[in-house]
Amino acid sequence: MNLVALIKPSRKIYDEVKNIKSKVFKKYGKQMYIDHLPHITIFDLKIKKSLLTKKYRSDLKIKNLKQKDLNLLVKKRHFFKSDPITKKCTYVIFIKKNLLLKKIQTKLLKKFSYIKKIKNIKFNNKEFAKNNKIFGYPFVNNSWKPHITIVSIDKKNMKDSLFKKFLSIRQNHRENFKFIYFYKYNDGKHFFLWKSKIINDK
């Protein structure tokens, strides 16, 4: 079973993502990630389903947590020219990786480490391969660039004015969040399982 932990944006970030996804779909039809809900992936783990007990559904406790830390800040619009997963061009909105996001990923990977299974995926990037072997997920620590995916599409479409306009946007939206959402991921679709509130560990 694939278990995905993610953060869901709201308001302005959500609206921007849905708007550009709609435009891409109208012009290019069904493409990779186009129908995915707007989100920031914390991890995507292959786990032993039989060991996923209720204790994993508890709140996420972070030491010295302050409400002002619970925010998402858009860094820039960008693209991965050669996405290591899709081998295509993937357009994204980068979110600033602050200390809290680093703590969240570290704590969650540790929490689920006892039920993870290593994915049999080969990576040319040595850091991705090392992370996958240790954590069961390639994008950890310096290799993790928090982002919201728009679409992954053939590189031949990179010169389209639609994508050039997207990359030229300079609005740096900021908004709050307070939950981590957990989904089962299967055949390109997300199925909601539960959400955990992020709280201060007193």
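Two residues are taken to be in contact when heavy atoms of theirs lie within 4.5 Å. On that basis, in this predicted model, residues 24 or more positions apart account for 77% of the contacts in the chain that have a separation of 6 or more.

The secondary structure consists of four helices and ten strands, which follow one another along the sequence in the pattern β-α-β-β-β-β-α-β-α-β-α-β-β-β. The chain is as compact as a globular protein of its length, because its radius of gyration of 17 Å is close to the 17 Å that the globule rule gives for 202 residues. Further values for the whole chain are set out below.

| Property of the chain | Value |
|---|---|
| Box filled by the C-alpha atoms, along the principal axes | roughly 50 × 40 × 30 Å |
| Residues that count as buried | 44% of 202 residues |
| Accessible surface | about 11900 Å² |
| Part of the accessible surface belonging to carbon and sulfur atoms | 51% |

As for charge, the chain carries 53 positive and 13 negative side chains, and the centres of these two sets lie 4 Å apart.

Asparagine 157 counts as buried because its relative accessibility is 14%, and the cut-off for buried is under 20%. Once its neighbours within four places in sequence are left aside, asparagine 157 is in contact with Tyr28 and Phe163.

How values were computed
Residues numbered from 1 in each chain as written. Predicted model: local features only at pLDDT ≥ 70, side-chain atom pairs only at ≥ 80, totals over all residues. Heavy atoms only, no water. Buried < 20%, exposed > 50% of the residue type's maximum accessible area, 1.4 Å probe, protein only. Helix = DSSP H or I, 4+ residues; strand = E, 2+ residues; numbered from the N terminus. Rg over C-alpha atoms; globule rule 2.2 N^0.38 Å. Areas by Shrake-Rupley, 256 points an atom, 1.4 Å probe, with all protein chains shown as cover. Lys, Arg positive; Asp, Glu negative; His and termini not counted. Charge placed at Lys NZ, Arg CZ, Asp CG, Glu CD.
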